[in-house]
Each structure stands twice: as structure tokens, then as C-alpha cells.
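Subject: Structure handover

Hi,

Here is the structure we talked about. Please look it over, then read my notes below.

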Amino acid sequence: MNVVFLGPPGAGKGTQAETLSKKKNMKHVSTGDLLREAVQAGTATGAKAREYMEKGLLVPDKLVVDIVADCLTKGGNNSSFLLDGFPRNLAQAKALDETLKKLGYKLDGVFYFVVSEKTAVKRLTGRWLCSSCGANYHELYMPPKKAGICDRCGKPLGQRPDDNVETVKKRLKVYHEQTADLIDYYKKRSVLNTIDADRDVGDIRNDICGVLDSLFKGNK
Ligand code: ADP
Ligand code: AMP
């Protein structure tokens with residue numbers, strides 16, 4: 001079973017993917033996380049990706065397409081994948097179709113997270129992440145018990161360099177110019193599930209969970 005989480009930055013895809021992938025035993029593949037790991041590790045891919053990420057631009061398709069193909073190939077036959085932040089344009093969507101076909105998999109569903117621009121900006125500029133375990137907080141909506149400290153592991157929290165207002169606006173512009181085309185692409189293929197993501201985390205999770213349950217049933 002393979003699904004895609006589609007939507008603007010700040011829609012809450014990562015937050016939902018983190019919980020639902022565990023609950024449903026799916027492999028969470030976040031291209032943003034994988035690219036940040038490559039940047040941290042100082043690999044050639046990371047160095048190349050960094051130039052684009054800090055400007056709020058999409059990194060070249062070849063880099064992400066190869067990373068995702070590698071994850072899917074290594075995932076093993078009985079794996080289910082939850083792709084978060086990939087694909088982000090039509091070329092990537094077509095490359096994903098090819099990779100899935102080669103591996104004998106299919107795309108079962110796409111969850112399109114709908115939020116207002118105002119909500120996305122507020123969520124991103126208030127996002128804090130644990131430097132050690134990656135736990136995700138929001139200074140207003142999901143604050144840690146102690147400001148600046150991770151509830152889970154006690155390590156310091158930090159903000160992403162691309163979560164400043166200027167870069168967030170650029171990322172949202174890029175989303176509207178390049179990624180939003182995918183809504184129609186997947187609607188035409190009848191795999192699109194539209195989720196009102198401007199709500200409480202638990203309500204959004206319940207809706208997605210219901211659709212995932214029916215997709216899993218259909219796959220049995
Ligand atoms: P995305 O992966 O789509 O870019 P995230 O899941 O990282 O977005 O969420 C962005 C920020 O918004 C995080 O700080 C997260 O804690 C917060 N957040 C996520 N979902 C909600 C929600 N439903 N209500 C309020 N805040 C949320
Ligand atoms: P995210 O963590 O999804 O907000 O992504 C952070 C940044 O990583 C983006 O602004 C892009 O620079 C880059 N990125 C993540 N996923 C992709 C993708 N599928 N295609 C191109 N660039 C990506």
C-alpha cells in the first residue's frame with residue numbers, strides 16, 4: 001500500500017505522517033528530512049541540495065527522484081510507503097509512476113492537505129524541532145513543557161533556517177507555481193482525497209485514518 005501526502009509547506013503533513021506511519025506500519029519517506037540528513041552528513045548530494053533549500057527552491061528532480069527510488073527499492077516487498085513532500089512537480093510524479101511500475105507497486109491514494117496561506121505561514125514560523133530526536137513542536141499550538149527543551153529527550157530545540165518569513169513566502173510561491181498542478185493530475189486518476197487540514201491534529205488524523213483503513217481493506 002503506497003500513499004502520498006500532498007500540500008503546501010506548513011500544512012501539517014510531517015506531523016500526521018509521523019504518527020500515522022507508526023500506527024499503520026508504513027515507511028515514512030520525507031524527501032525534506034532525507035535532504036537535510038544529506039546536508040548534515042556533508043555528502044555531495046547534500047552540498048548541492050543546500051544551495052536550493054536555503055533559497056526555498058526545489059532541488060533538481062534527479063537528486064530527489066534517485067533518493068526516493070533508492071528508498072522504495074530497499075524497502076522490501078511487503079512494505080507500505082507513505083511519501084511526504086514527494087512528488088513536488090509533474091516530472092517527479094511521472095518518475096514516481098515509473099519507479100512504482102518497475103517495482104510492481106501501485107499508488108493507492110493521495111491525501112491533499114488544504115490550509116490557508118495564513119495558517120501555513122503561522123505554523124512554519126512557529127515550528128521548533130528537536131536537534132537530537134527530531135520531535136516537532138509549535139510555540140503556540142504544540143508547545144514543549146519547558147521552552148526550548150524537548151519533552152521527549154531533554155535536548156535543545158531549534159528552528160529550521162528556511163522557516164523564516166521571507167523563505168516561507170518563497171516556498172509557498174514555489175508550491176503554487178510547481179506543485180499545485182499535481183492536484184489535477186491525481187484527481188483525474190481518482191486517487192485524490194481532500195483533507196481539511198485547518199483543524200485540530202486529532203480530527204485530521206481520524207479522517208486520514210478512516211481512508212487508510214478502507215484502502216488497506218481494498219488491498220487485501
Ligand atoms: P509540513 O510537513 O506540511 O511542512 P508540519 O507537519 O511540520 O508541516 O507542521 C508545521 C508546524 O505546524 C509544526 O510546528 C507543527 O507542530 C504544527 N502543526 C501541524 N499540524 C497542526 C495542526 N493541525 N494544528 C496546529 N498546528 C499544527
Ligand atoms: P520540506 O521539509 O518538505 O519542507 O522541504 C524542505 C526543502 O527541501 C524544500 O524547500 C526543497 O528545497 C527541498 N525538497 C524537499 N522535497 C523536495 C522535492 N520532492 N523536490 C525538490 N525539492 C525538495
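The largest cavity has a volume of about 30 Å³. A cavity here is a set of points, on a 1 Å grid over the protein atoms alone, where a 1.4 Å probe fits but cannot get out; a pocket would be an open set with protein on both sides within 12 Å along at least five of seven lines. Points are joined across faces, edges and corners, and the volume is the space filled by probe spheres set on them. The count comes to one cavity of 30 Å³ or more.

Before the rest, the ground rules. This is a predicted model: local features need pLDDT of at least 70, side-chain atom pairs count only at pLDDT 80 or more, and totals for chains, interfaces and linings use all residues. Residues are numbered from 1 along each chain as its sequence is written, chains are lettered from A and ligands numbered from 1 in the order in which they are written, and side-chain values use heavy atoms, with hydrogens and water left out.

**Cavity lining**

Which residues line the largest cavity? They are Val65, Val68, Ala69, Leu72, Phe86, Ala95, Leu96 and Thr99 (lining residues have an atom within 4 Å of a point). Two elements each give two or more residues: α4 (61–74) and α5. Helices are DSSP runs of H or I with at least four residues, strands are runs of E with at least two, and both are numbered from the N terminus. The largest share, four residues, comes from α4. By type, the lining divides into seven nonpolar, one polar and no charged. Nonpolar covers Ala, Val, Leu, Ile, Met, Phe, Trp, Tyr, Cys and Pro; charged covers Asp, Glu, Lys and Arg; the others, Gly among them, are polar.

**Annotated binding site**

An unreviewed UniProt entry places "binding site" at Thr31, Arg36, Leu57, Leu58, Val59, Gly85, Phe86, Pro87, Arg88, Gln92, Arg160 and Arg171. These positions span 141 residues in sequence, and the farthest two C-alpha atoms are 24.6 Å apart, so they do not all gather at one spot. From this set, Phe86 is in the lining of the largest cavity. The positions use the numbering here, feature names are shortened, and annotations may be inferred rather than shown by experiment.

Two of the annotated residues in detail:

- Gly85 sits in the loop between β3 (81–84) and α5 (90–103). Its relative accessibility is 8%, so Gly85 counts as buried (under 20%; exposed is over 50%, partly exposed in between, with a 1.4 Å probe and protein chains only). Leaving out residues up to four places away in sequence, Gly85 touches Phe5, Lys13 and Thr31 (heavy atoms within 4.5 Å).
- Gln92 is in helix α5. Gln92 is buried, at 3% relative accessible area. Beyond four places in sequence, Gln92 contacts Asp61, Val64, Val65, Phe86 and Pro87. Its side chain makes a polar contact with the side chain of Asp61, at 3.0 Å. That term means N or O atoms within 3.5 Å; within protein, one must be able to donate a hydrogen and the other to accept it, and residues adjacent in sequence count only if both atoms are side-chain atoms.

**Backbone**

A cis peptide bond joins Phe86 and Pro87, with omega about 0°. Pro87 lies in the loop between β3 and α5.

Asn25 is not a glycine, yet has a positive phi of about 55°. Asn25 is in the loop between α1 (13–23) and β2 (27–30), and is exposed at 67% relative accessibility.

Serine 190 also is not a glycine and has a positive phi, about 60°. Serine 190 is in the loop between α8 (181–188) and β8 (192–196), and is exposed at 66%.

Best wishes
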